[in-house]
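Here is a briefing on one structure. Sequence and coordinates come first, then the notes.

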Amino acid sequence: MDFFDFHHHKRNISFGIYNLDLSSTHTDTPYSIGIHPKSININCIEEQFSWMESNITENCIAIGECGLDSFADTDQKIQEEVFLRQIRISNELKKPVIIHCVRKFYELIAFKKYAEQPMIIHGFNKKESIAGDLLKNNFYLSFGKAVLYNLSLQNTLKNAPLDKIFLETDNDDFDISDLYLKVAEIKNISPEDLHQQILENLETIKNG
Ligand SMILES: [Zn+2]
């Protein structure tokens, strides 16, 4: 059975959302497009935005990954401007936003008020209290490989509402079906029902 991979970087996977590499051209399978905080180049930010805007087709499912990263070289203020501009593109095009966030969750929550479309935090692997705050603020959480071995994350997932989650491989090399099987076990449902729910979540975020 083929399972949906919410966020990945592999052009050969067609059942999922492929995150376009900066400056590469769009695919004819579902993809997301955005300027990652670590890819911001202040000397050619306008070119980066025009690359983005000229590569948005009907196969573009979401804007991103974009967001805030406390380890990125780019100044925080600029990261926030670039992020806000992408939130505005998402509002205008009515596409959800896939978020990359490293140690900036409370700053991120402050940006939620600008977004008219759903926001999904990809690769979530932090504490349950952070997950709780994000869920309370209506963020979706996408979980990856860490769920396979991180017990506290498994516990977070156990308490997260099924209609607020996604599953992804991101950059990691493993089979997405292993993650679906693990999460189905944690949630005490069948992998088929879990998959059905994830596909429904996808429809929900696509419809704003
Ligand atoms: Zn990624």
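Asn19 stands opposite Ser32 in strand 3. Strands (E, at least two residues) and helices (H or I, at least four) are DSSP runs, numbered from the N terminus. The model is predicted: local features need pLDDT of at least 70, side-chain atom pairs count only at pLDDT 80 or more, and totals for chains, interfaces and linings use all residues. Residues are numbered from 1 along each chain as its sequence is written, and side-chain values use heavy atoms, with hydrogens and water left out.

**Sheet**
- Strand 2 (residues 16-19) and strand 3 (residues 31-33) run parallel, joined by two bridges. Two strands pair if DSSP finds at least two bridges between them.
- Eight strands form an open sheet in the order 1-2-3-4-5-6-7-8, with parallel pairing.
- Strand 1 (5-8) and strand 8 (165-167) are the edges, each pairing on one side only.

**Zinc site**
- His7 (NE2), His9 (NE2), Glu65 (OE) and Asp170 (OD) coordinate the zinc ion at 2.1 to 2.3 Å. Donors are N, O and S atoms within 2.8 Å of the metal (3.2 Å for Na, K and Ca); water is not among the atoms, so sites may look incomplete.
- His7 in strand 1 and Glu65 in strand 4 link distant parts of the chain, 58 residues apart.
- The donor residues follow the spacing H-x1-H-x55-E-x104-D.
- Both His7 and Glu65 are buried (under 20% relative accessible area, 1.4 Å probe, protein chains only; exposed is over 50%, partly exposed in between).
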